[in-house]
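Trainee: I would like to learn how to read the features of a protein model. Please take them in turn, with the general idea before the case.

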Amino acid sequence: MWEYNITTNIKDIKYLIELERNIKNKYKNAIIATHNNSMTIALPYNQKPKAFEYIKRILAETIALIYKERLLTNNINFDYLSEEYKIAFVKSLIYFDLEEDIFEIINQIDFDTGINFDSFYNFRLANLKYKWQQLILVCKSNTMFLESETFLEFLKFLIDTIIPRHRSIDVFYNGKNFELLDENNNIICFNNTNNPEANLISGLISLAPKTINLHCAGMLSDNTFKIIYYIFNKKVNLLV
């Protein structure tokens, strides 16, 4: 059997749970043992080549999402933004150039040993960290434009650079939260905060659909509608 160990920071256990779910869905015969913030994966050696590529990809994406968001939120003052604008800004920055970030991380992952996320980030990703710090400097030098039309143009530019992940997403309102359905009618949950509209913005940016079918525009605040309609532009279809 081929074994691989993954260790995260204790506060990042939710990402470890998501990794476990994705690996089990992909490899039904995988043996996975978790304890606190550590997970060991075991697979037959003949599955290692394909598993190697798949697990590297999801590890790299997870690491990029965790540490890029953490660096951004720790170094940019978002206090004067509404929650909806903050979510739109942070998520747009995270997913900007994400594929290049993932490629850089994949090239640093060693599959002969396990991986500790914090150590890997601190000692193997200095170049990527520097790149993200340059993005932070650009944002800090343009804070005067936040929540202006120029700021929305900047968000739209960031959104346009994200590689689409879905052909279409339909958005409905169930009386309490917004529901997102992909092109195969699978429900996608994005309830990361107690603010349904912030969750909606976060979900749409993360999913990066080519088309957004908005069935509940009347349930959105003017602020959220403006953000979604402006930054996604011609991708939004308003439906009854």
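Mentor: What follows goes from the whole chain to its sheet and then to single residues.
Mentor: This is a predicted model, in which local features need pLDDT of at least 70 and side-chain atom pairs count only at pLDDT 80 or more, while totals for chains, interfaces and linings use all residues. Residues are numbered from 1 along each chain as its sequence is written, and side-chain values use heavy atoms, with hydrogens and water left out.

Trainee: How many helices and strands are there in the chain?
Mentor: Helices (H or I, at least four residues) and strands (E, at least two) are DSSP runs, numbered from the N terminus. The chain has nine helices and nine strands.

Trainee: What radius of gyration does the chain have, and what would a compact globule have?
Mentor: The radius is taken over C-alpha atoms, and the globule rule is 2.2 Å times the number of residues to the power 0.38. For 240 residues the rule gives a value near 18 Å, and the 19 Å of the chain agrees with a compact globule. Along the principal axes, the C-alpha atoms fill a box of roughly 55 × 40 × 30 Å.

Trainee: What share of the residues of the chain count as buried?
Mentor: Buried means under 20% relative accessible area, exposed over 50%, and partly exposed in between (1.4 Å probe, protein chains only). Of the 240 residues, 45% count as buried.

Trainee: Among contacts between residues at least 6 apart in sequence, what share join residues at least 24 apart?
Mentor: A contact means heavy atoms within 4.5 Å. Here the share is 69%.

Trainee: What is the order of the strands in the open sheet?
Mentor: Strands of a sheet pair through backbone hydrogen bonds, either parallel or antiparallel. In practice, two strands pair if DSSP finds at least two bridges between them. The open sheet has five strands in the order β7-β6-β5-β8-β9, with mixed pairing. At its edges stand β7 (187-188) and β9 (236-238); each has a single partner strand, so one side of each lacks a neighbour in the sheet. Strands β5 (residues 166-173) and β8 (residues 209-214) run parallel and are joined by five bridges. In β8, L214 is the bridge partner of V171.

Trainee: Which value of phi does N36 have, and where is N36 placed?
Mentor: Most residues other than glycine have a negative phi. N36 is not a glycine, yet its phi is positive, about 55 degrees. N36 sits in the loop between β2 (31-35) and β3 (38-43), and its relative accessibility of 52% makes it exposed. N233 also has a positive phi, near 50 degrees, and is a residue other than glycine. Its loop lies between α9 (222-232) and β9; at a relative accessible area of 34%, N233 is partly exposed.

Trainee: Is E20 buried or exposed?
Mentor: E20, in helix α1 (residues 13-26), counts as buried because its relative accessibility is 16%. Leaving out residues up to four places away in sequence, E20 touches I32, T34 and M39.

Trainee: Which residues does I66 touch, not counting those up to four places away in sequence?
Mentor: I66 touches D12, Y15 and F117. It lies in helix α2 (residues 48-75) and is buried, with a relative accessible area of 3%. I66 and F172 are 106 residues apart in sequence and, C-alpha to C-alpha, 29 Å apart in space.
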